[in-house]
Each structure stands twice: as C-alpha cells, then as structure tokens.
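I opened my notebook on this one with a simple plan: pick a few residues, look each one up, and write down what turns up. Here is the model I worked from.

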Number of protein chains: 2
Amino acid sequence: VVLVCVPPASIAPVIYWAMNRNLARTYSDVGSIKTQCLAEAERLGVPMARLVGGHPVAGRERGGPAAAQADLFLGRPWVLTPTPASAADALDAVRRLAAACGAVPVEMTPAAHDTAMALVSHAPQALASALAAALRQATPDSLALAGPGLRDVTRLADSDPVLWGQIAGGNAPAIAGVLEQVAARLSAVAASLRTAEAEAAFANLVADGNTGRARLPGKHGSRAREYATVPVVIADEPGILARLLGEAGLAGINVEDLSLEHSPGAPVGLCELVVAPEQASRLAAVLAERGWTVHPPSATVTDG
Amino acid sequence: VVLVCVPPASIAPVIYWAMNRNLARTYSDVGSIKTQCLAEAERLGVPMARLVGGHPVAGRERGGPAAAQADLFLGRPWVLTPTPASAADALDAVRRLAAACGAVPVEMTPAAHDTAMALVSHAPQALASALAAALRQATPDSLALAGPGLRDVTRLADSDPVLWGQIAGGNAPAIAGVLEQVAARLSAVAASLRTAEAEAAFANLVADGNTGRARLPGKHGSRAREYATVPVVIADEPGILARLLGEAGLAGINVEDLSLEHSPGAPVGLCELVVAPEQASRLAAVLAERGWTVHPPSATVTDG
C-alpha cells in the first residue's frame, strides 16, 4: 500500500506519479476532502480499481514532526471512501492499514464524507470565525463582560487562515449549503426579534438546538449519557488540582472530566469534577470531610 | 438598599411596589437586561433618583437554592447602569454593595450594557443553537465524525429555551443587530464559496476571526498571554489524573488549565496540561522520567 500524505492539491498528481512507477498494489491518501481529489485522479487517468480514498479523522491544531504522536489514531474513525470501481482487495488492504494504526475503519461514499465534514467541521469553523470577527469592533468594556460561553463558541477562531482557505476551497459547495441554512435561520430569528414574535422565535431556536445537540454521540463513541458535576472551590496554586484529584482517587472515584473556571482578578477558581451520577454525593461528602469547599452536586449534566 | 432579584418582567413593578412602601433609600436589581426595565420603571412613575440598575455578570447554567454559591460573585464584573437622574449617593451605595459581595463594580450606560451583552452573550447563544439545530437532520454516520471543535461551538445549545426566550425578548433589537451582521457575513462567505473566490473568502473570514478573538481578555481579567501545553497519554481509570497532577505539583509547577480528550471506543485519552512557557520543558522531562508518555510541549497556545 502506498499512502499519500501531501497537501490536498497534490494528492491526485502524486498518486498518478506513484502508480506510473508501479510502487505498490494499492493506493490511498489521508486528505480531509474526498470528492475533488478522486475526480482529479480519474481525470488524470489513474486506474481507479487500485485507489481507495481515506481520511483518518484525527489530528491537532499543531503540525510538523515535533507534534507527532504514536497514538494519534487510537480509537478514532478512519473514513474509507471506495468508488464503485475500487477492487475488493484494495479496500481490504486499506481497511487493515487503518486498523493496524489503532483506528476504527468507517466506510462512506466520497460525497457522504464531504457532506458530513461540511456539517461537523467546516461550518463550525466558519461560525466561530464569523462571531469572532464581530468582536473586532467591540469596546474593551464589552469584551470585559465575556464569559466562558463566548470563549467556547469562538475557540476554533484561532485556526490558521491559509490552511482553512484550502480546506474550504476543496469542499466549497457542501460548506456553502450548511452556511446558507444556518445564515437563513439566523436571519429569520433576527427578523422575528424586530417583531412581537421575538421571545417565541428565540425560544424555538434554542429548543431546536437542544434537539440537535442531543444527537451528538458521547464519550467513547457511545450515546450521550448522564453525568453529575461536583463544584469545588480551589486556590490558584501549584499542586492544588493534584491534591483535589488525589482525594477523589483515594475514594476510588473515576473523574470522567473536569473544567476549571478562573475568576477574573481573583486568585481562586471553581473546579467542576464530572463523575457518574451514583458517585456524586459520596465524592462531595469525602471532599467536604477533608476540608474542601464543595457546592451541591448537580446530576443533570449531559456529556457531549 | 433594596436589591430586587425577580424575573425580568417583574423587576419594574416590584421596584415600584417597594418604593411606594418606602422600604429603603436606594433600589437596584440584578436583571441581565437594563434598558427595558428602567424605561418601564420610569413609565410607572418610580423616582429615578433612587434607582441604579445593576447586573452581576456571574451565574451558572443551573438555578435554585441548591445551586447557590457564596463565592459566585468573587472577582466577577458587576455592571452598574445609573441614569442621568440617579443620585450620586444611590450609585455609591450600590457600588459598595457589589464590592461587599467580592465583585468588581463596572459603570456603563443601560444601552451600552445591553449592546455589550447582545454581542458577548446573547448572539453566541443564538449561533450555538442555530448550528446545533442544523444537526437535527444529520445522519448518525456524520455525527460519529464530530470532534471537540463542534462540541465547543455548540456547548451553549444545551440552554433552557424558555429562559432564553425571555432574555432575548428583552434585548431583541440589539441581538437582531449582531445576528444580522453575522448572518450577512456567513451569507457572503457562502456566496463566495460558490465562485472561484471560495478559498480567499474563507481565508479572509478565518483571518478576521483571528483578529477578533485576540481581543478577548485572558485569565484573571488580564490581556491574553502565551501558555505552553504538555500533552500526556493517560488511561481511563480512577486516580490517574491525580497521579499526573501530583507529579506536576511535586515539581512545583502550577497547572493553569487542562483539557481531556477521550478517544472514541478506546480506554485511553490525552490530557493536555497548560503551564507557563518557561515551565513546559521541565514538566515534560519530569513526567517522562516518572514513566509517563509525554508528547513534545507546544509553546504557541494563547489563553482565552
């Protein structure tokens, strides 16, 4: 198997080059957009029976050899996009390569893959960037009122413009479709906000968002599940998190996740420990007994 | 001071009721929208000299007595919105009340406050919900490809529709203005994605988002600053985070923040420890020496 790992615009030419030299029996790639490069390969005259497009859905916001990780693919989906022309043994070879890297092979058509990525990756990038772009004209007073919500929504806005221009350019119609849908909904809500229907329109939007978000799979690829959070006040000093988690570990409680919330201008913060619902009250009791300031656990948080 | 803490629609009537009974010398409230309720108070004939609107910018996604926290306001902004009619001693009394709760009093006009909240709170809610709403029609195969980026952007979409309908209803024109701006940008990008300008338009959007997001203040209310992240592979078992953070604490290193990334279907995950840049390589060395699988630190992450 030859696995071509080059920038999107070079994938098809490099596959063509490698096939002409008969370097392997099967060819694949790791590009994050599939339709465009498979079409280009066909145009170039690549024997499509030996080509199975691939996209390991793993990666980081950092690149280069220093960011390499041997476990990067562990448990992550590796999408395979065979065409009707792909030979069964070629698909099987690439599937085994993905599995050998610890990934979970997932078969999709090239078009279905690109449509999915437009929705779950490319459009979210555009929304985060569009909202962050609106912060350019904000007064410093306004920005000082920003909380964790705005930071979450705009986190992706730190991404690289050049890379994202190339990604979007290779999947433009699918991304345009999602952005048109979302922009239309936002425009409709904005229009309603200028009428007597303001409250109902916004409530409907949030309710529809509840429904959509509940469909995201939860931790470890399973369906969303219920967790409980235990809020604990912590000082901003070395070792404090370790002491806190040490107490939880000694009690045999698995902390599934945690979030830290720093108070602006204050040397203390709030740490929310996320645990299984049946362990929350015991954890709170153990921590309180050991002198921590613990707030009442909440058992209504859904992971995702 | 009488501090009125009731749902938005009841704030002005309750202030009017309390003033008629002469319950105090100064009146304030904690509503998250200011213009509407001050106008209503004036309409009701409230003596505006004794009224100073307020909004402590703190709170949680959970309500009720069980979610109460004595340190909720610690270090958080508490916006005061005096009108030209407000008496100086009334403003001073409310300012001292905010300070007594540990908050940082910030003075703004009611209109400036509502404009700021539309941008940093209400519009982000709408964007998160609109994107999450678009997930309703997605195939399960598509949703299985969702990564942490989509989860960040849509996290707010779990919010309460009824509460958010009321909030949006009380600040509708300001929110509409932000949503119109963002929707127009998204529509323009979508249109460009259907032309030869696709790549440049998307790159420009992301670059503008970089600029806007860099303006968000960082931890503890300061300007954004540089951090380094040290990625460590961890097993999904009780006490593992405590052991990891314990090693960092023993080395005298303050972990500023951390993020956990679970691999779908795999019992291991990646923990990224966020520390001051000058401590990153020492932390990585200490952890590696103690047997942890540590990836090369990255010194290019900006907090915010």
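I began with A:T115, which I found in helix α4 of chain A; helices here are DSSP runs of H or I with at least four residues, strands are runs of E with at least two, and both are numbered from the N terminus. A:T115 is partly exposed, with a relative accessible area of 49%. For the record, buried means under 20% relative accessible area, exposed over 50%, and partly exposed in between, using a 1.4 Å probe and protein chains only. I also checked A:T115 against A:P77: the two are 38 residues apart in sequence, and their C-alpha atoms lie 16 Å apart in space.

A note on ground rules: this is a predicted model, where local features need pLDDT of at least 70, side-chain atom pairs count only at pLDDT 80 or more, and totals for chains, interfaces and linings use all residues. Residues are numbered from 1 along each chain as its sequence is written, chains are lettered from A and ligands numbered from 1 in the order in which they are written, and side-chain values use heavy atoms, with hydrogens and water left out.

Next I looked up A:Q125, in helix α4 (residues 110-133) of chain A. What does A:Q125 touch, not counting residues up to four places away in sequence? I listed A:L156, A:A157, A:S159 and A:W164, along with B:F202 and B:V206 from chain B; contact means heavy atoms within 4.5 Å. A:Q125 counts as buried because its relative accessibility is 1%.

Then I turned to B:T154, placed in helix α6 (residues 148-154) of chain B. Is B:T154 buried or exposed? B:T154 is buried, at 0% relative accessibility. Leaving aside neighbours within four places in sequence, B:T154 contacts A:R213 and A:L216 in chain A, and B:A128, B:L131 and B:A132 in chain B.

Beyond four places in sequence, A:E247 touches A:V286, A:L287, A:R290 and A:W292.

I looked at backbone angles too. A:N22 has a phi near 55°, a positive value in a residue other than glycine, and lies in the loop between α1 (11-20) and β2 (27-29) of chain A. A:N22 is exposed, at 64% relative accessibility. In chain B, B:N22 also has a phi near 55°, and its relative accessible area of 63% makes it exposed.

For a helix pair, I took α2 (residues 35-44) and α4 (residues 110-133) of chain B, which pack at about 150° with axes 9 Å apart. Axes are lines fitted to C-alpha atoms, for helices over the stretch in contact, and angles run from 0 to 180 degrees between N-to-C directions. B:T35, B:Q36 and B:L38 in α2(B) meet B:P110, B:A111 and B:D114 in α4(B).

Of the 304 residues in chain A, 53% are buried.
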